[in-house]
Amino acid sequence: MKEVKNVINITDLSTEEIDHLIEIADSIEADPESYSDICRGKKLATLFFEPSTRTRLSFTAAMMELGGNVLGFDDASSSSATKGESVSDTVVMAGCYADIIAMRHPKEGAAAVGARRTTVPLINAGDGGHFHPTQTLTDLLTISRKKQLGDFTIGLCGDLMFGRTVHSLIEALLRYKGIRFVLISPPELRLPRYVKEKMDAAGAEWVEYEDLEDAMPELDILYMTRVQRERFFNEEDYVRLRDSYILTLDKLDTAKQDMIIMHPLPRVNEIAVEVDDDPRACYFYQALCGKHIRMALILYLLGLK
Ligand code: CP
């Protein structure tokens, strides 16, 4: 079988490759017109077995803006998964019709299973509570544009237990120097031990807080997350924990003036709408960065950049 490069976890990309993707994304932002035809005749298959707004739309927009085409499904119920077709067979089929695949699936490990049989590059667009590497790339691009990749204190707030974006982001940031991690969560939603062990192994400085206000003055970046209802085993626990943190304008009084507020989105209640107009809010810009970095990744995996 032909060797193809897949991106299942952020660890599938070296630091040099990530830096290269950021360079391409910046070049796309600076001169989008020069990329508008580069994927002519190429097709992206979006296989979304789980709901998505940003990831699917930004992959779609990315391929369209590169001059390519997009096919796929956004609901498992409209695919032959309902007839019992395996993830692996679905990926092989998509490779017959497309040059590259972006797949989201609710089951952890689904992307790795697909990667074993795929004949075209496969990008994991999220597999359950596991990995979401293109969100991590999005976050890295946003940080690189608003700050720099290194020498800052980042507060990660909310559901640190189930938040796959947080786990991947920490793993990626451990490659860069001088980053201090402030972990803000209720005791029930603390960061899993295995991620803390990775931070320790990398010699990273980290501290845990329960109260967002206590942590706020220290932060250069505040990364808010949603409590992940779909990952809870019972509704009662979700209801008890869902509003643990609600960022409002008054809570930002003690924050640094140049702090940036990030969120992978979707938000539920954790950032009040009034915060959107604060110059520190950059979560919608972050979603725009998601399109640029996915354009860069498509180009790279297709061997066009
Ligand atoms: N951030 C993110 O993955 O959003 P979607 O679930 O809407 O794709």
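1. A polar backbone atom of Thr53 lies 2.7 Å from an oxygen atom of the ligand. The model is predicted, and the distances in this note should be read with that in mind. The side chain of His132 places an N or O atom 2.8 Å from an oxygen atom of the ligand. On the nitrogen side, a nitrogen atom of the ligand is 2.9 Å from a polar backbone atom of Leu265. The protein covers 91% of the 260 Å² of accessible area that the ligand has on its own.

2. Ligand, surroundings. The residues around the ligand are Ser52, Thr53, Arg54, Thr55, Arg104, His132, Gln135, Pro264 and Leu265. Thr55, one of these, can also be placed relative to helix H10 (residues 283-301), which contains Met295. Met295 is buried, having a relative accessible area of 1%.

3. Backbone at Leu265 and Pro266. Leu265 deserves a separate check. Its phi is positive, about 65 degrees, although the residue is not a glycine. The peptide bond joining Leu265 and Pro266 is cis, with omega about 5 degrees. Leu265 is in the loop between S9 and H10, and Pro266 lies in the loop between S9 and H10 as well. Leu265 counts as buried because its relative accessibility is 12%, under the 20% limit.

4. Backbone at Asp151. Asp151 is not a glycine either, and has a positive phi of about 60 degrees. Asp151 is found in the loop between H5 and S5. Is Asp151 buried or exposed? At 56% relative accessibility, Asp151 counts as exposed.

5. Strand S8 and its neighbours. Strand S5 (residues 152-157) and S8 run parallel and are joined by four bridges. Within that pairing, Met224 in S8 is the bridge partner of Cys157. S8 and S9 also run parallel, joined by three bridges. Here Leu222 has Ile261 of S9 as its bridge partner. As for the side chains of S8, Ile221 and Tyr223 point one way, Leu222 and Met224 point the other way, and all are buried.

6. Cysteines. How many disulfides does a search of the whole structure find? The search finds zero. For Cys157, the closest cysteine sulfur is that of Cys282, and the separation of 15 Å is too far for a bond. Cys282 is in no disulfide, and the nearest cysteine sulfur to it, in Cys289, is 7.6 Å away; the cut-off for a disulfide is 2.5 Å. Cys157 counts as buried at 0% relative accessibility, and Cys282 counts as buried at 3%.

7. The whole structure holds 16 salt bridges. Side chains of opposite charge can pair when their charged atoms come close. One of the bridges is between Arg145 and Asp26, whose closest N and O atoms are 2.8 Å apart. Arg145 lies in helix H5 (residues 133-146) and Asp26 in helix H1 (residues 15-30), so this pair ties together parts that are 119 residues apart in sequence. Asp26 is partly exposed at 29% relative accessibility. Salt bridges link Asp26, Glu29 and Arg145 in a network.

8. Salt bridge, Asp220 to Lys256. The side chains of Asp220 and Lys256 meet in a salt bridge with an N to O distance of 2.9 Å. This pair links distant parts of the chain, 36 residues apart: Asp220 is in the loop between helix H8 (212-215) and strand S8 (221-224), and Lys256 is in the loop between helix H9 (235-241) and strand S9 (260-262). Asp220 counts as buried at 15% relative accessibility, whereas Lys256 is partly exposed, with a relative accessible area of 32%.

9. Salt bridge, Arg267 to Asp276. Arg267 and Asp276 form a salt bridge in which the closest N and O atoms are 2.7 Å apart. Arg267 is partly exposed, with a relative accessible area of 22%. Asp276 is also partly exposed, at 21%.

Technical notes
Residues numbered from 1 in each chain as written. Predicted model: local features only at pLDDT ≥ 70, side-chain atom pairs only at ≥ 80, totals over all residues. Heavy atoms only, no water. Buried < 20%, exposed > 50% of the residue type's maximum accessible area, 1.4 Å probe, protein only. Salt bridge = Lys/Arg side-chain N within 4 Å of Asp/Glu carboxyl O. Helix = DSSP H or I, 4+ residues; strand = E, 2+ residues; numbered from the N terminus. Pairing = 2+ DSSP bridges. Near = heavy atom within 4 Å. Polar contact = N/O pair within 3.5 Å; in protein donor to acceptor, adjacent residues only side chain to side chain. Areas by Shrake-Rupley, 256 points an atom, 1.4 Å probe, with all protein chains shown as cover.
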